[in-house]
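Welcome, and thanks for taking a look at this one with me. Please have the sequence and the model open side by side as you read.

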Amino acid sequence: MPYIAYETRYDSMPYVRCGRSGLKLPPISLGWWYNFGGVDVFENSRAIARYAFDRGIIHFDLANNYGPPPGSAEETLGKLMKQDFAPYRDELIISTKAGYDMWPGPYGNWGSRKFLLASLDQSLKRMGLEYVDIFYHHRPDPETPLEESMGALASAVRQGKALYVGLSNYNPEQTRQAAKILRDLGTPCVIHQPRYNMFDRWIEDELLDVLEAEGIGCIVFSPLAQGQLTGRYLDGIPSGARATRTERVWLTPKDVEANLPKVRKLNEIAKKRGQSLAQMAIAWVLRKPQVTSALIGASNVQQLADNLAALNNLDFSEEELQAIEAILSGA
Ligand SMILES: NC(=O)c1ccc[n+]([C@@H]2O[C@H](COP(=O)([O-])OP(=O)(O)OC[C@H]3O[C@@H](n4cnc5c(N)ncnc54)[C@H](OP(=O)(O)O)[C@@H]3O)[C@@H](O)[C@H]2O)c1
């Protein structure tokens with residue numbers, strides 16, 4: 001049976017303008033870092049992607065290295081574009097990135113013009129796309145001149161291989177400088193992708209103000225702290241959960257155990273709000289007016305459904321916010 005997207009997919013999603021650009025994103029976007037690689041079950045990845053699109057989550061976020069193996073999440077997208085989403089290409093916002101280790105030698109990493117443009121070509125081939133909607137520099141390169149990295153992003157737009165460009169993991173000063181270079185090149189930076197969740201609040205210090213002043217939107221990754229800010233670990237560490245996966249070690253059982261006392265208290269507040277902890281954690285990042293979208297991951301459709309329902313209650317009372325602050329500061 002060919003896939004036909006739900007006709008109702010745009011009925012209730014409140015799209016948000018990304019900074020001062022023409023780009024509009026759903027307040028919840030779907031990340032392909034985990035769960036879409038060559039090691040994952042294709043039909044599960046497909047079910048998650050279809051579920052998302054059917055409900056208005058039109059933004060899929062990828063990177064050259066997502067998998068494992070690296071590149072395989074883009075291959076999964078390529079397969080799904082062919083089999084399911086080809087008629088919907090103009091409705092989708094697909095992003096990819098380059099900046100982390102991809103192939104051997106001096107040009108398989110970081111931010112040279114040679115790496116960024118070669119990587120984008122490879123990404124387009126894997127995804128079977130003529131262009132991506134957003135092309136990001138995945139992280140700043142301390143050695144390559146910023147003008148060179150930004151010039152490569154601008155070239156990608158001029159070559160018709162990307163519609164918009166973005167930055168990820170850039171600090172406030174780097175962001176200011178990069179935004180100026182991109183503006184001068186006529187290809188403004190429209191979006192920044194930093195990590196933000198209750199356990200990692202670095203963007204509150206200065207970055208959000210810079211983004212607002214520059215008119216740049218903000219899509220925050222790992223709003224659930226990779227699953228810690230959900231019910232996933234409340235009764236121990238289940239087999240197959242991210243903290244048990246050894247091919248990448250961005251979340252360890254030790255991290256999970258250290259944060260668990262706070263997570264349990266946060267869960268009590270979520271219950272009082274009539275929400276799951278995951279829903280509260282998503283609503284919490286979206287409370288900042290500069291945040292355009294919460295970029296979540298999900299390893300199955302049920303998780304995605306749970307997360308999407310965050311949109312039913314995004315408001316916090318002053319008391320709730322203070323109670324959350326008290327837990328996070330360890331009071
Ligand atoms: N720019 C960058 O440098 C960068 C870095 C990291 C991520 N990202 C982007 O951000 C996206 C999201 O990152 P993330 O996956 O770390 O986000 P996250 O939303 O914080 O964590 C997602 C994980 O939490 C668990 N989970 C999600 N919803 C759940 C629920 N309702 N109940 C129980 N468990 C739940 C699942 O893990 P289990 O496997 O345990 O089920 C899921 O894979 C990535 O896919 C990528 O697109 C970008």
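## Strands, helices and ground rules

Two strands pair if DSSP finds at least two bridges between them. Helices (H or I, at least four residues) and strands (E, at least two) are DSSP runs, numbered from the N terminus. This is a predicted model, in which local features need pLDDT of at least 70 and side-chain atom pairs count only at pLDDT 80 or more, while totals for chains, interfaces and linings use all residues. Residues are numbered from 1 along each chain as its sequence is written.

Let us begin with β8 (residues 189-193). Here C189 is the bridge partner of V165. Strand β8 runs parallel to β7, joined by four bridges, and S168 stands opposite Q193 of β8. From β7 the chain crosses through helix α5 (residues 172-184) to β8 in a right-handed β-α-β crossover; right-handed here says that, with the strands pointing away from the viewer, the path from the first strand over the helix to the second runs clockwise.

On to the next partner: β8 and β9 also run parallel, with two bridges between them, and H192 has C218 in β9 as its bridge partner. The link from β8 to β9 goes through helix α6 (residues 207-214), and this β-α-β crossover is right-handed. Strand β7 (residues 162-168) pairs in the parallel sense with β6 (residues 132-137) over five bridges. Together β6, helix α4 (residues 146-158) and β7 form a right-handed β-α-β unit.

How buried are the strands? A residue is buried if 20 or more other C-beta atoms lie within 10 Å of its own, exposed if 12 or fewer, and partly exposed in between, with C-beta atoms placed from the backbone. In β7, six of the seven residues are buried. Strand β8 is largely enclosed by the rest of the structure, because five of its five residues are buried.

## Packing and the nonpolar core

Which residues of the largest nonpolar core touch the most other members? They are F135, V220, A281 and I282, in a core of 87 residues. Helix α8 (residues 277-286) gives the most to this core, with nine residues. A nonpolar core is a set of buried Ala, Val, Leu, Ile, Met, Phe, Trp, Tyr and Cys residues joined through C-beta atoms within 7 Å. In soluble globular proteins, nonpolar side chains tend to be buried together. Leaving aside neighbours within four places in sequence, A281 is in contact (C-beta atoms, placed from the backbone, within 7 Å) with N197, M198, P223, L224 and L229.

L25, found in strand β2 (residues 24-25), is buried, with 24 other C-beta atoms within 10 Å. Not counting residues up to four places away in sequence, L25 touches Y15, V16, C18, H59, I93, I219, T292 and S293. In helix α2, the buried residues are A73, E74, T76, L77 and L80, and they pack against α1 (42-54), β4, β5 (93-98) and α3 (113-127).

## The shell around the ligand

Which residues come nearest to the ligand? Of the 31 residues around it, these are G31, W33, F221, G227 and G297. A residue counts as near if its C-beta atom, placed from the backbone, lies within 6 Å.

The shell divides into 12 nonpolar, 15 polar and four charged residues. Ala, Val, Leu, Ile, Met, Phe, Trp, Tyr, Cys and Pro count as nonpolar, Asp, Glu, Lys and Arg as charged, and the others, Gly among them, as polar. Both β10 (291-296) and α9 (301-308) supply at least two residues, and α9 has the largest share, with three.

## Backbone details worth a look

Most residues other than glycine have a negative phi, and most peptide bonds are trans. In the loop between β4 (59-61) and α2 (72-85) sits P68, and the G67 to P68 peptide bond is cis, with omega near -10 degrees. P69 lies in the loop between β4 and α2 too, and the bond from P68 to P69 is cis, with omega near -10 degrees.

The loop between β9 (217-221) and α7 (253-272) contains S222, which has a positive phi of about 55 degrees although it is not a glycine. S222 is buried, with 24 other C-beta atoms within 10 Å. Q226 is found in the loop between β9 and α7; Q226 is not a glycine either, yet has a positive phi of about 60 degrees. With 23 other C-beta atoms within 10 Å, Q226 is buried.

Methods
Contact = placed C-beta atoms within 7 Å.
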